[in-house]
Amino acid sequence: LRAAKTEGPLAGRRVLVTSGPTHEPIDPVRVLANRSSGRQGHAIAAAAAKAGAEVVLVSGPVSLPDPASVTVVKVESAREMLAAVEAALPADLAVFAAAVADWRVAEGAEQKIKKGAGGPPSLALVENPDILATVSRGLARPQLVVGFAAETENVVEHARQKLERKGCDLIVANDVSPATGIMGGEANTVHLVSPGGVESWPAMSKEAVAEALVQRFAAALKVSG
Ligand code: CTP
Ligand code: CA
């Protein structure tokens, strides 16, 4: 790990961030993927490092530069992401901003699947491990566990259910319906959903959201010790 700054609201804190999509192999040349750019997660990792934290960023495939002063661990699949996250613990704060693929192909083919008389292949899918829920309910649970929720409808209600289901402290929810242009875009409109209630922020750049979130996280860590 790189030397952390000794000043700033997160000085002396270890922070883990997941970011980007995951890629689930179908065969050696094809994957199941999603449209996450990794911009919000990477911005949070950068902001946490700027705030003095020692940051590990576990990232799926993205076309972004590594943030400055952050240890970056690159992974492809959800299962690789879970292993990298577990290896990076313990941490004081964990932020799960990755868009983890919910399913993977049950059995990836070892050779490229060819077209043929048999018609299109059918892909049997199995569910991936839930990284956030695993860490949130695990023995090495960070003091503050933050999830994200990308929703296309009933944003706050779905986020409340996720908070409960995953056992985290806070969900940062956003509306990713195609009309908003958020997925892969520059700006983000978020709702902070916690057991205490909901706070909706105006549209901001992903960098501004990251800096404001980091201030919140630092304050929450301070209160809980
Ligand atoms: N998450 C995770 N591992 C998974 C799926 C999701 O760590 N296998 C995390 C995401 O990083 C995010 C939160 O859980 O912080 C919510 O992800 P989301 O996709 O919105 O929730 P799901 O539980 O997968 O529900 P659904 O996609 O059906 O809405
Ligand atoms: Ca999901």
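What follows looks at the overall fold and then at the site around ligand 1.

The model is predicted, so local features need pLDDT of at least 70 and side-chain atom pairs count only at pLDDT 80 or more, while totals for chains, interfaces and linings use all residues. Residues are numbered from 1 along each chain as its sequence is written, chains are lettered from A and ligands numbered from 1 in the order written, and side-chain values use heavy atoms, with hydrogens and water left out.

The protein chain has five helices and 14 strands (DSSP runs numbered from the N terminus: H or I of at least four residues for helices, E of at least two for strands). Its radius of gyration is 18 Å against the 17 Å that the globule rule gives for 225 residues, so the chain is as compact as a globular protein of that length (C-alpha atoms are used, and the rule is 2.2 Å times the number of residues to the power 0.38).

Turning to the ligand, the shell around ligand 1 holds 15 residues, with F96, A98, P129, F148 and K162 coming nearest (near means a heavy atom within 4 Å). β9 (144–151) is among the elements that supply at least two shell residues, as are α3 (131–136) and α4 (155–166); β9 gives the most, with four.

Polar contacts (N or O pairs within 3.5 Å) pick out some of the partners. Oxygen atoms of ligand 1 lie 2.7 Å from a polar side-chain atom of K162, 2.9 Å from one of D102 and 2.7 Å from a polar backbone atom of A98. The protein covers 78% of the 570 Å² of accessible area that ligand 1 has on its own (Shrake-Rupley, 1.4 Å probe).

Notes: A polar contact is a pair of N or O atoms within 3.5 Å; within protein, one must be able to donate a hydrogen and the other to accept it, and residues adjacent in sequence count only if both atoms are side-chain atoms.
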